[in-house]
Amino acid sequence: MTTESDITPSAADRHHPMLKLVLELGPLMIFFFANLRGQWLVEKFPALSELGGPLFVATGLFMAATVISLVVSKIVLGHLPIMPFVSGIVVVIFGSLSIWLQNETFIKMKPTIVNTLFGVALLGGLAFGRSLLGYVFNAAFQLDAEGWRKLTIRWGIFFLFLAVLNEVVWRNFSDDTWVAFKVWGTMPITVIFTLAQMPLVLKHSINLETDGEK
């Protein structure tokens with residue numbers, strides 16, 4: 001099972017919660033803006049035309065912003081958050097393939113790949129007695145073993161749901177609709193799901209300081 005030391009947040013995590021939020025959402029906002037104003041960006045910075053159309057320009061800037069975000073995380077927080085790190089690797093690989101081959105399919109499938117990886121990893125980890133979700137939410141709260149197990153199951157299923165949802169959207173709607181959904185659709189859905197887990201979180205929360213005094 002995941003030990004308390006595994007899920008204890010670092011001092012940097014606790015002191016920079018807003019920075020973590022900006023580093024995770026920043027690249028997505030840049031991706032949305034670049035796709036929306038791709039032609040304007042090309043006119044202002046002609047070199048971007050080498051990347052291709054608006055979606056490829058957005059992909060290139062998304063890759064750059066993701067790498068910068070990870071570097072800042074390493075410097076300021078002292079470590080690389082697991083989810084952004086894995087997602088960043090897939091962004092760079094699939095983004096590079098999209099631009100190189102001028103094929104939008106690769107970057108559109110990135111959320112499908114990432115969410116499937118997370119879902120399978122979380123559910124698979126439970127099969128080996130490890131609740132890997134503690135590594136993701138360690139800065140937010142601490143739960144007992146049963147709480148992590150239940151929350152891990154729910155998040156694992158949720159990630160698989162997001163993977164299926166991404167496939168439905170990109171295969172059936174326009175590029176602009178898919179990009180808008182990726183930024184303005186996925187985030188609200190995730191926030192609503194997260195809030196829905198609060199009763200479980202409160203029920204299984206533990207106080208490390210109190211436990212340490214006993």
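The expected span used here is 1.5 Å times one less than the number of residues in the helix. Helices (H or I, at least four residues) and strands (E, at least two) are DSSP runs, numbered from the N terminus.

The model is predicted: local features need pLDDT of at least 70, side-chain atom pairs count only at pLDDT 80 or more, and totals for chains, interfaces and linings use all residues. Residues are numbered from 1 along each chain as its sequence is written, and side-chain values use heavy atoms, with hydrogens and water left out.

**The chain as a whole**

The protein chain has 12 helices and zero strands. Of its 214 residues, 40% are buried. Buried means under 20% relative accessible area, exposed means over 50%, and partly exposed lies in between (1.4 Å probe, protein chains only).

Helix 7 bends by about 25° at proline 111. A bend at a residue is the angle between axes fitted to the seven residues ending there and the seven starting there. Proline 111 is also one of the buried residues of helix 7, which include Ile107, Val114, Phe118 and Leu122. Lys108 and Lys110 are on that buried list too.

Glutamine 102 has a positive phi of about 55° although it is not a glycine. Most residues other than glycine have a negative phi. With a relative accessible area of 41%, glutamine 102 is partly exposed. Just after helix 7, glycine 129 takes a positive phi of about 75°.

Helix 6 also holds glycine 95, which counts as buried because its relative accessibility is 0%. Glycine 95 and methionine 63 are 32 residues apart in sequence, yet 6.8 Å apart in space, C-alpha to C-alpha.

**Helix 10 and its packing**

Helix 10 has 22 residues and reaches 30 Å from its first C-alpha to its last, close to the 32 Å expected at 1.5 Å a residue. Helix 10 bends by about 40° at phenylalanine 181. Phe181 is buried, and the other buried residues of helix 10 include Trp178, Val183, Gly185 and Phe193.

Two packed helices are described by the angle between their axes and the distance between the axes. Axes are lines fitted to C-alpha atoms, for helices over the stretch in contact, and angles run from 0 to 180 degrees between N-to-C directions.

| Helices | Angle between axes | Distance between axes |
|---|---|---|
| Helix 9 and helix 10 | about 160° | 11 Å |
| Helix 7 and helix 10 | roughly 30° | within 12 Å |

Angles under 35 degrees count as roughly parallel, over 145 as roughly antiparallel, 65 to 115 as roughly perpendicular and the rest as oblique. Helix 9 and helix 10 are therefore roughly antiparallel to each other, while helix 7 and helix 10 are roughly parallel. Helix 9 passes helix 10 in a right-handed crossing, and the crossing of helix 7 and helix 10 is left-handed. A crossing is left-handed if the near helix is turned anticlockwise from the far one by less than a right angle, and right-handed if clockwise.

**Aromatic pairs**

Rings of Phe, Tyr and Trp (its six-membered ring) pair if their centres lie within 6.5 Å; planes under 30 degrees apart count as stacked, over 60 as edge-to-face and the rest as tilted. By this rule the count comes to 12 aromatic pairs. Tryptophan 155 and phenylalanine 158 form one that is edge-to-face, with 5.5 Å centre to centre and 90° between the planes. Both residues lie in helix 9 (residues 145-172), three residues apart, about one turn of the helix. Tryptophan 155 is buried at 5% relative accessibility, and phenylalanine 158 is buried with a relative accessible area of 6%.

Phenylalanine 158 also pairs with phenylalanine 193, and this pair is stacked: 4.1 Å centre to centre, 5° between the planes. The pair links distant parts of the chain, since phenylalanine 158 is in helix 9 and phenylalanine 193 in helix 10 (residues 175-196), 35 residues apart. Phenylalanine 193 counts as buried at 15% relative accessibility. Phe118, Trp155, Phe158, Phe159, Phe161 and Phe193 form one aromatic cluster.
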